[in-house]
Amino acid sequence: MAVQSSHTAFSFLSPLRSHSIVPETSLLSFKPSLLGYPFTATNRRRPFIITVSSKSKNELSVDQKRQLLEQYGLNPDEFLSEPSPKTKKRREQSKSGTGKQVLVEEPKPPRETHKLLQVVGGTARRKKLLSPKSMDVRPMMEVVKAAAFGILQAAGGCPASLRPGRWLDLYSGTGSVGIEAISRGCSEVHFVEMDPWVVSDVLRPNLEWTGFLDASVIHTVRVESFLERAEHFLGEDGSFDYISVTPPYAVVDYCILMDQISKSSIVGENTFILVEYPFRTDMLDSCSCLVKMCLGGVFSSTETKMF
């Protein structure tokens, strides 16, 4: 016997001794006594499928449906129980024709910034810089930055400022190192940062705030890709006077990185390379054309070297 309403369907077979049956009627007017109507033609048992349908206006309540099923010896819980969330989802997918379970990810909370950094020296000295509140970007410590730039200025023969030249800021993040370079006398700085949000919400606003946007070039690309295709990004004369390397410690193999830098066209004959890395990292004294020079100090858990 199949009982169908506008929202719920129940199906089962029942052998009845009846020649004539009521094929379709309203559930409200349906009477179980009709199923016992006496036969008139034959005593042969014949299986029938009886369909009783109703319109949404006359839909039975849950209690009426339970009573109707119990009258025919059926367990209402097998037909009236609520399907599980997974079953509901599969039914919805089968109706839509997708047939696949689509996982909906919860939206991530918006990333926020604060102003804890500042330019240490030069024309933009003491100007505050934006940085992410999370640990996704780890700027160079100000005390390390001040010491490194002091030694670079002395090595260039001008303790008061950097000699004019081009600076490449790899893994630039907030841009604090490259901005410090412009503030101290560099004529042009190229920033390489792969995170579009950091570029649009941190790096570019910092350049606009300090007034250094016109002296800057931003490359939103992975450092490895930039080094491999340096001529594509920079043209034929792609060497720099200064290069700063401040990568995320946990995701970088320094031996591979320094080898890639040494073989790239970004390194010229008199290029200074500033590298920040964990104190216990084994750094070779030389790598291809690069020779390591200690900048004279260990700061916190990092050591800054110059090649």
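Strand E8, which spans residues 166–170, is mostly covered in this predicted model, and five of its five residues are buried. Arg 166, Leu 168 and Leu 170 point one way from E8, while Trp 167 and Asp 169 point the other way. In a regular strand the side chains alternate between the two faces of the sheet. Residues on both sides of E8 are buried. The partner of E8 is strand E9, made up of residues 188–192. The two strands run parallel and are joined by five bridges. Within this pairing, Trp 167 stands opposite Val 189 in E9.

Helix H1 covers residues 62–71, and Lys 65, Leu 68 and Leu 69 are buried in it. When H1 is viewed down its axis, the buried residues fall within an arc of 95°, so they line one face of the helix. An α-helix has 3.6 residues a turn, so residues three or four places apart point the same way. The face of H1 turned away from the buried side carries Asp 63 and Glu 70, which are exposed.

Glu 180 is part of helix H5, which runs over residues 176–183. The relative accessible area of Glu 180 is 0%, and because buried means under 20%, Glu 180 counts as buried. Apart from neighbours within four places in sequence, the residues in contact with Glu 180 are Val 119, Val 120, Gly 121, Lys 145 and Phe 149.

Leu 290 lies in strand E14, which consists of residues 290–291. With a relative accessible area of 5%, Leu 290 is buried. Leu 290 and Ile 261 are separated by 29 residues in sequence, and their C-alpha atoms are 9.4 Å apart in space.

The structure holds zero disulfides. Two cysteines may be described by their accessible areas. Cys 186 is buried, at a relative accessible area of 5%, whereas Cys 158 is partly exposed, at 28%.

For the protein chain as a whole, nine helices and 16 strands are found. The chain has 307 residues, and buried residues make up 38% of them. Among contacts in the chain with a separation of 6 or more, 63% are between residues 24 or more positions apart. The accessible surface of the chain comes to about 18200 Å². Carbon and sulfur atoms account for 52% of this surface.

Confidence in the prediction was also examined. The mean pLDDT of the protein chain is 75, with 64% of the residues reaching 70 or more. Over residues 1–42 the pLDDT is below 50. Beyond near neighbours in sequence, the stretch of residues 1–42 has 86 contacts in the model. The pLDDT also stays under 50 over residues 296–303. For residues 296–303, the model has 20 contacts beyond four places in sequence.

Note on methods
Residues numbered from 1 in each chain as written. Predicted model: local features only at pLDDT ≥ 70, side-chain atom pairs only at ≥ 80, totals over all residues. Heavy atoms only, no water. Helix = DSSP H or I, 4+ residues; strand = E, 2+ residues; numbered from the N terminus. Buried < 20%, exposed > 50% of the residue type's maximum accessible area, 1.4 Å probe, protein only. Contact = heavy atoms within 4.5 Å. pLDDT = per-residue confidence, 0-100. Arc of directions from axis to C-beta. Areas by Shrake-Rupley, 256 points an atom, 1.4 Å probe, with all protein chains shown as cover. Disulfide = S-S within 2.5 Å. Pairing = 2+ DSSP bridges.
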